[in-house]
Amino acid sequence: MTDLILILAIFLALFGGIAALLMRSAFDKLICLGILTAGVVLFLVEKGYLDVAIVVSLLMPVGTIFILLLLGKKQEAAK
Amino acid sequence: MIDLLAAIPIAAVICLVLFTALDIFWKLPKQGGVSGADVIGKELEKNGGDLNGGWMIGNIISSPDASTGTIFAACSYYVWGIWGALIAIVLVYIGEHICADKGFAGVSGVVCATLIIWLLTSFAGFPPESFIAGCVIAIFLVEGISPKHASRLLGKIWRKVS
Amino acid sequence: MIVEGICVVIAAYCAIRAVFEPKTLKKLPYLNVMNFAVAGAIVLLMPYPITIGAAIAYFIGSTLESNAIASTFARLEEQ
């Protein structure tokens, strides 16, 4: 019963990482990194590191917002 | 006691009706409240959807709403009963204000869903984990299959009610 | 067993559909459904009171992230 969710975590981490490599647009890469983070948080909760999971999921949007602030200067990023 | 297979579809219908009614009660389809919700609504309208339904889907995506309240009421009741629901009320209230949402849609969703889940689990014999699966199925029906047709249906309901 | 199966199938389906959707703003609803399913899976993985905090922190973080992505994308396309 726990194995099924572990398979989901492996799938999400691998799939998000490979898709982030292959995407062209910068915003699509950020969405694929969101999929990767879902897998990573599931791994952390499965081992019982709940405090690390809380810190990772609270710091993920902060990193995304900094990347978005840098992207706002560029015109060609939206293509 | 009700079997788990029979309880999940009933729970899905209850969750779907509950958070659609609460979102319409708090007037979410009237305007895009947060800046991201406005954009998603206009994008859905450009692709053949409806503007009011698109604003409601955008509000569900970019700020914690009654759907968030429903799934966390189910989760926390499954973990710790009524005390878990109290924790969920406080945390959803904090999260709603982090996302710059002014209304009380999330908190009212937690309270109403906790009342309904408490009634159904203690008197009708539903297993508590059936509501987690039911709420995931309900949000999948709204956003996962086809957001274009779902926004048309939501807009039709909103115009009939208001 | 059935509840975990529903969460896993819906999360995997929506992750695949979010990656293969061509437009950026139309990826966000599928990403949101995946977040709901992953938050359910976190609670099912470890029924312990602090897990509620982890699940809510994960969900609020990903909501904030998709809000930032949508608003920045719109501001870039206007220019």
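Where in chain B is the place of B:K27? The legend to View 1 takes up this residue, and the further legends treat other sites of the model, which is predicted.

**View 1. B:K27 in a loop of chain B.** The place of B:K27 is in the loop between α1 and α2 of chain B, the latter helix covering residues 35–46. Its phi angle is near 60°, a positive value in a residue other than glycine. B:K27 is partly exposed, its relative accessible area being 47%.

**View 2. B:D23, a buried aspartate in helix α1 of chain B.** Helix α1 of chain B comprises residues 4–25, and B:D23 is found in this helix. With a relative accessibility of 0%, B:D23 counts as buried. When its neighbours within four places in sequence are set aside, the residues in contact with B:D23 are B:L28, B:P29, B:M56, B:I60, B:D65 and B:A66. B:G109 stands 86 residues from B:D23 in sequence, yet the two C-alpha atoms are 8.9 Å apart in space.

View 3. Residue B:E129 lies in helix α6, which covers residues 129–144 of chain B. At a relative accessibility of 25%, B:E129 counts as partly exposed. Residues up to four places away in sequence not being counted, B:E129 touches B:L4 and B:Y78 of its own chain and C:V3 of chain C. Between the C-alpha atoms of B:E129 and B:W83, which are 46 residues apart along the chain, the separation is 17 Å.

**View 4. C:F36, a buried phenylalanine in contact with chain B.** Helix α2 of chain C, residues 28–45, contains C:F36. The relative accessible area of C:F36 is 0%, and the residue is therefore classed as buried. Leaving aside neighbours within four places in sequence, C:F36 is in contact with B:S67, B:T68, B:I71, B:V136 and B:I139 from chain B, together with C:F59 from chain C. C:V8 is 28 residues from C:F36 in sequence, and their C-alpha atoms are 11 Å apart in space.

**View 5. Packing of helix α1 of chain A with helix α1 of chain C.** The two helices, residues 2–22 in chain A and residues 2–20 in chain C, pack at an angle of about 5°, and their axes are 10 Å apart. α1(A) and α1(C) are therefore roughly parallel to each other. On the side of α1(A), the contact is made by A:L4, A:I5, A:L8, A:F11, A:L12, A:F15 and A:A19; on the side of α1(C), it is made by C:E4, C:G5, C:V8, C:A11, C:A12, C:A15, C:I16, C:V19 and C:F20. Sorted by class, the residues of this contact are 14 nonpolar, 1 polar and 1 charged.

**View 6. C:V9, an exposed valine in helix α1 of chain C.** Helix α1 of chain C includes C:V9. Its relative accessibility is 58%, and C:V9 therefore counts as exposed. C:G53 is 44 residues from C:V9 along the chain, and a distance of 24 Å separates the two C-alpha atoms.

View 7. Over all chains, the count of disulfides comes to 0.

**View 8. Chain A as a whole.** The secondary structure of chain A consists of 3 helices and 0 strands, and the elements run α-α-α from the N terminus on. Chain A has 79 residues, of which 44% count as buried. Its accessible surface is about 4,400 Å², and carbon and sulfur atoms contribute 74% of this area. Among the contacts in chain A with a separation of 6 or more, 54% are accounted for by residues 24 or more positions apart.

Methods
Residues are numbered from 1 along each chain as its sequence is written. Chains are lettered from A and ligands numbered from 1 in the order in which they are written. This is a predicted model: local features need pLDDT of at least 70, side-chain atom pairs count only at pLDDT 80 or more; totals for chains, interfaces and linings use all residues. Side-chain values use heavy atoms; hydrogens and water are left out. Helices (H or I, at least four residues) and strands (E, at least two) are DSSP runs, numbered from the N terminus. Buried means under 20% relative accessible area, exposed over 50%, partly exposed in between (1.4 Å probe, protein chains only). Contact means heavy atoms within 4.5 Å. Accessible areas come from the Shrake-Rupley method with a 1.4 Å probe; for residues, only the protein chains shown count as cover. Axes are lines fitted to C-alpha atoms, for helices over the stretch in contact, and angles run from 0 to 180 degrees between N-to-C directions. Angles under 35 degrees count as roughly parallel, over 145 as roughly antiparallel, 65 to 115 as roughly perpendicular and the rest as oblique. Ala, Val, Leu, Ile, Met, Phe, Trp, Tyr, Cys and Pro count as nonpolar, Asp, Glu, Lys and Arg as charged, and the others, Gly among them, as polar. A disulfide is a pair of cysteine sulfur atoms within 2.5 Å.
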